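Work through the exercises below with the model open. Try each task before reading its solution.

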Amino acid sequence: SVLALADGFDDPSALFRHEITYVFGQMQHPAAVSSLIKVPSNLNEANMVRHEAAEGPWIDCHARMLPCPGPVPHESCVVALDMYEYENNEQLQYADGLSRRDTRMQCDI
């Protein structure tokens, strides 16, 4: 089913591609990662699709491999990493990734 959904990334509708990206993020299936990892750095893709791919729960293992994708996906990656850290430690505040110096993803945007 993941491979069949991945074919939808060729659909002309950005909304449809966004929904596929969202579903992949919710599924958290390893087979979806190879399709998702390409989306944030694709400058020809709609920002809402790139944002959804960058914010997915799978991002932590691949964030350091992402090239500088522009402001929208970059900030989405920062938020996703912050949420991941919050879910995996004892922090009281999860939304502090944009307020502190973040060295995980350095990029000139």
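**Exercise 1. Overall fold**

How many helices and how many strands does the protein have?

Solution. The protein has five helices and zero strands. Helices (H or I, at least four residues) and strands (E, at least two) are DSSP runs, numbered from the N terminus. Along the sequence the pattern reads α-α-α-α-α. This is a predicted model: local features need pLDDT of at least 70, side-chain atom pairs count only at pLDDT 80 or more, and totals for chains, interfaces and linings use all residues. Residues are numbered from 1 along each chain as its sequence is written, and side-chain values use heavy atoms, with hydrogens and water left out.

Next, burial. Of the 109 residues, 41% count as buried. Buried means under 20% relative accessible area, exposed over 50%, partly exposed in between (1.4 Å probe, protein chains only).

**Exercise 2. The salt bridge**

Find the salt bridge and state which parts it ties together.

Solution. Search the whole structure: one salt bridge turns up. The criterion is a side-chain nitrogen of Lys or Arg within 4 Å of a carboxyl oxygen of Asp or Glu. Glu 45 pairs with Arg 17, and their closest N and O atoms are 2.7 Å apart. Glu 45 lies in the loop between helix H3 (30-36) and helix H4 (47-55), and Arg 17 in helix H2, so the pair ties together parts 28 residues apart in sequence. Now check burial. Glu 45 is buried, at 11% relative accessible area. Arg 17 is buried too, at 11%.

**Exercise 3. Packing of H2 and H4**

Determine how H2 and H4 are oriented.

Solution. Take the axes, which are lines fitted to C-alpha atoms, for helices over the stretch in contact; angles run from 0 to 180 degrees between N-to-C directions. H2 and H4 pack at about 5°, with axes 9 Å apart. The two helices are therefore roughly parallel; that class takes angles under 35 degrees. List the contacts, meaning heavy atoms within 4.5 Å. H2 contributes Ala 14, Leu 15, Arg 17, His 18, Thr 21 and Tyr 22, and H4 contributes Met 48, Val 49, Glu 52 and Ala 53.

Technical notes: Angles under 35 degrees count as roughly parallel, over 145 as roughly antiparallel, 65 to 115 as roughly perpendicular and the rest as oblique.
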